[in-house]
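Here is a friendly walk through one protein chain, a piece at a time. Keep the 3D view open while you read.

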Amino acid sequence: LYGGVRRYLPPDHRYRTDIGLAYSTDGVNPFRSGQYTLWPMVVKILNLKPALASRTALLILAGVIHGPKKPKSLQAYQYCLTDELDLGYRGLTCELSGGGAFRFRTKLCLHTCDGPANSAVTNQQGAGALWGCIKCEIEGATTLGRVLYGGVRRYLPPDHRYRTDPAYGNPELRTPPPIRTIEDSRLQAMSGGAGAGHCRLGPSGGEQEAENGRHFKHQGIGQ
C-alpha cells in the first residue's frame with residue numbers, strides 16, 4: 001500500500017508518512033436483470049489527486065457482502081474492517097526493495113454514502129424512523145402511516161418574522177433540536193440505544209448486534 005501510493009506523491013508532500021482513507025459502500029446489482037444485490041466495501045486513498053484516487057486500480061476492495069438480498073446489518077462485516085483500520089492507525093512498517101524501511105500510518109478520514117447506505121453504515125433506521133435524522137434529535141410525527149419531520153421554522157433565527165407569521169399557523173417559539181455528536185452516537189450504541197431517550201436499536205440492527213455481540217467501533221448508532 002505505502003510503496004504503491006508514495007510514488008504518486010510529490011517529494012515534499014507532508015503526507016508521505018500518513019495516508020488518509022475514505023470508506024464507501026452501496027448495493028449494486030452485478031447482473032443486468034433480477035434483484036440480486038452485492039455490497040462492495042471500497043476504500044479510497046485521499047492523498048492522491050482526484051483523477052488518480054478514483055481509478056479502479058488504486059481503489060482498495062476491503063470486502064464484499066454477498067447477496068442475494070440487502071444485509072440486515074453491516075456491523076459484523078464492518079467490524080472486520082475496523083480491525084484493519086485500527087492496525088493501520090497504530091502504524092505499519094514498509095520495507096523498501098532498495099533497503100531501509102519507512103514507518104507510516106493510515107487514517108480513516110471520512111465515509112461517503114447515499115442516504116439509505118449511510119443509515120446502514122451508521123447502524124440507524126434512517127428515513128421513516130421516529131428519530132430519523134443523523135444530525136439532530138428532531139422527533140418525527142406519524143401521519144397517514146408515514147413519519148414526517150415538521151417544525152422546520154425551529155431552525156430560523158429567534159427574531160425571524162416567519163416564526164410568528166399567522167399564515168404559517170401557531171407561533172413557533174421552540175429552539176432547534178439538539179445536535180448529535182459522534183461521542184453521543186457511540187455512547188448510545190454501546191448502551192443499547194439508551195441515552196438522551198431518543199435512540200433505540202431497531203428490530204433489524206438490534207437482532208444482528210445481539211447475535212454478533214459487537215459494535216462498529218468508529219461510529220454506529222441504533223434507532
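## A residue in a loop

Let's start with Thr122, which sits in the loop that runs between helix 4 (115-121) and strand 6 (141-143). One thing to keep in mind from here on: this is a predicted model. Is Thr122 buried or exposed? With a relative accessible area of 8%, Thr122 is buried, because that value falls under the 20% cut-off. Now look for Ser73 in your viewer. Thr122 and Ser73 are 49 residues apart in sequence, and their C-alpha atoms are 9.9 Å apart in space.

Five of them make an open sheet with the order 3-2-1-5-4, and the pairing is mixed. Which strands stand at the edges? They are strand 3 (60-65) and strand 4 (92-95); each has a single partner strand, so one side of each has no neighbour in the sheet. On average, neighbouring strands of this sheet are turned by 30° against each other, if you ignore direction.

Strand 1 and strand 5 pair in the parallel sense, over six bridges. Strand 4 and strand 5 (residues 101-111), on the other hand, pair in the antiparallel sense, over four bridges.

Thr93 has Arg103 in strand 5 as its bridge partner, and Leu92 stands opposite Phe104 in strand 5. As you click along a strand, remember that in a regular strand the side chains alternate between the two faces of the sheet.

Strand 4 and strand 5 also form a hairpin, with five residues between the strands. In that hairpin, Gly99 takes a positive phi near 105°.

## A helix across the strands, and the core

Now turn the model until you see helix 3 (residues 75-90). Helix 3 lies across strand 1 (18-25), strand 2 (39-45), strand 3, strand 4 and strand 5, and runs at about 140° to strand 5.

In soluble globular proteins, nonpolar side chains tend to be buried together. What does that look like here? The largest nonpolar core has 20 residues, and the ones with the most contacts inside this core are Leu21, Tyr23, Leu48 and Leu74. Two or more residues each come from strand 1, strand 2, helix 2 (50-53), helix 3 and helix 4. Strand 2 gives the largest share, four residues.

Leaving out residues up to four places away in sequence, Leu21 touches a whole list of others, including Val43, Ile45, Leu85, Thr106, Leu108 and Leu110.

## Salt bridges

How many salt bridges does a search of the whole structure find? The answer is four.

| Salt bridge | Closest N to O distance |
|---|---|
| Asp18 and Arg105 | 3.9 Å |
| Arg174 and Glu172 | 2.9 Å |

Take Arg174 and Glu172 to begin with. Arg174 is partly exposed at 45% relative accessible area, whereas Glu172 is buried at 8%. Elsewhere, salt bridges that share partners join Asp18, Arg105 and Lys107 into one network.

The pair of Asp18 and Arg105 has a 3.9 Å gap between its closest N and O atoms. This pair links distant parts of the chain: Asp18 is in strand 1 and Arg105 is in strand 5, 87 residues apart. Arg105 counts as partly exposed, since its relative accessibility is 27%.

Arg90 and Asp86 tell another story. Both are in helix 3, and because they are four residues apart, about one helical turn separates them. Arg90 is exposed, with 61% relative accessibility, while Asp86 is partly exposed, at 27%.

## What about the cysteines?

How many disulfides does a search of the whole structure find? That search finds zero. Cys109 is exposed, because its relative accessible area of 52% is over the 50% cut-off. Cys113 has 24% relative accessibility, so it counts as partly exposed.

Notes: Residues are numbered from 1 along each chain as its sequence is written. This is a predicted model: local features need pLDDT of at least 70, side-chain atom pairs count only at pLDDT 80 or more; totals for chains, interfaces and linings use all residues. Side-chain values use heavy atoms; hydrogens and water are left out. Buried means under 20% relative accessible area, exposed over 50%, partly exposed in between (1.4 Å probe, protein chains only). Two strands pair if DSSP finds at least two bridges between them. Axes are lines fitted to C-alpha atoms, for helices over the stretch in contact, and angles run from 0 to 180 degrees between N-to-C directions. Contact means heavy atoms within 4.5 Å. A nonpolar core is a set of buried Ala, Val, Leu, Ile, Met, Phe, Trp, Tyr and Cys residues joined through side-chain atoms within 4.5 Å. A salt bridge is a side-chain nitrogen of Lys or Arg within 4 Å of a carboxyl oxygen of Asp or Glu. A disulfide is a pair of cysteine sulfur atoms within 2.5 Å.
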